[in-house]
Amino acid sequence: MKTFQTIIVEREKAFVTLTINRESKLNALNQETLHELAQALDLLENDNAVRGIVLTGAGEKAFVAGADIGEFVGLSIGEAKKKAAYGHFHIMDRIQSFPKPIIAAVNGFALGGGLELAMACHIRVASDNAKFGLPEVSLGIIPGYGGTQRLPQLVGRGKALEMIMTGDMIDAAEALQWGLVNRVVSLAELMSACRELLDKISTRSGQAISKAITAVQTGLEDSRQGQRREIELFGESFGTDDCKEGVQAFLERRKPNF
Ligand code: COA
């Protein structure tokens, strides 16, 4: 696997751990990190042997403490729009509709762009020391990598606006209660909990999982279109070997071999 400067891509059998590796800056996302993430996503999407990804931050303090605020200095309106568009289209949307499961292992602060990155992932598992927030309004800006769109989907409009307008952080227990994360474990158990989830998902049909991600994603953007996509993909799944194997295995009372 290619070597990067600001991220680490580690492969273990069919699973990849992707680590944002700028620990001294609490893994803040600078342009280089975003470009490297986009390149890594290309490689991982095209690698048929990869079945799932865990995305995390280096160290024990932060998942990602936001976009790199140092890069905000002197940004023009046009440049800021370009920056947000790059994050939306090349990273966050890409992760959200990625055809293989991506789990965020949130191991500490997930703030601003860090929370937006975690929210773009399909599933979020947090360590009990994790903290979540969208503090952008305290910088005089608003979330720019999808925070105003994905947070209401996960926690509802009222709680989302409370988090966005106060800029306050919530802890892992609150995040679990609010539906922002799927589960909370100790920091020591975080990676194995994510790995267990991927292990389980990988026993299911990979092509069916990709189709399910697409259908869910399409419906979040446009519910009518989502229904049509679901019908189409449901139909298409009947033309796959996985469907023949899955149905046959059920009838023969054995585990399917996808
Ligand atoms: N961008 C750039 N650098 C960041 C950063 C960010 N989003 N978040 C943290 N860092 C850097 C700090 O500048 C510091 O660097 P330095 O040692 O070279 O001065 C280093 O990471 C450690 O952070 P520090 O603030 O000293 O740690 P702390 O424990 O006192 O506070 C936080 C932790 C997360 C509360 C604090 O770093 C913070 O508020 N970060 C910004 C969060 C934010 O607003 N994110 C949204 C951006 S849109």
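This is a predicted model: local features need pLDDT of at least 70, side-chain atom pairs count only at pLDDT 80 or more; totals for chains, interfaces and linings use all residues.
**Entry 1, the domains.** I looked up the domain assignment of the chain and found domain 1 at 7-202 and domain 2 at 206-251. I then took the C-alpha centres of domain 1 and domain 2, which lie 26 Å apart.

**Entry 2, the interface.** I asked how many residues of domain 1 are in contact with domain 2; the contact involves 10 residues of domain 1 and 6 residues of domain 2. The area buried between domain 1 and domain 2 comes to about 620 Å², and carbon and sulfur atoms give 57% of this area. On the side of domain 1, I noted that Gln96, Pro99 and Gln153 supply 54% of the area buried against domain 2, more than any other three residues. The side of domain 1 that touches domain 2 divides into 4 nonpolar, 4 polar and 2 charged residues.

Turning to the ligand, I counted 16 residues around it, of which Lys25, Lys61, Ala65, Ala67 and Ile69 are the closest. The residues of this shell divide into 10 nonpolar, 2 polar and 4 charged.

I next checked individual atoms, and found a polar side-chain atom of Lys61 at 2.6 Å from an oxygen atom of the ligand, while a backbone N or O atom of Ser24 lies 3.4 Å from an oxygen atom of the ligand. For Ile69, a polar backbone atom is 2.9 Å from a nitrogen atom of the ligand. The ligand taken alone exposes 860 Å², and I noted that the protein buries 60% of that.

Terms used
Residues are numbered from 1 along each chain as its sequence is written. Side-chain values use heavy atoms; hydrogens and water are left out. Domain bounds come from an automatic or database domain assignment. Contact means heavy atoms within 4.5 Å. Buried area is the accessible area (1.4 Å probe) that two parts lose on being put together, summed over both. Ala, Val, Leu, Ile, Met, Phe, Trp, Tyr, Cys and Pro count as nonpolar, Asp, Glu, Lys and Arg as charged, and the others, Gly among them, as polar. A residue is near a molecule or strand if one of its heavy atoms lies within 4 Å of it. A polar contact is a pair of N or O atoms within 3.5 Å; within protein, one must be able to donate a hydrogen and the other to accept it, and residues adjacent in sequence count only if both atoms are side-chain atoms. Accessible areas come from the Shrake-Rupley method with a 1.4 Å probe; for residues, only the protein chains shown count as cover.
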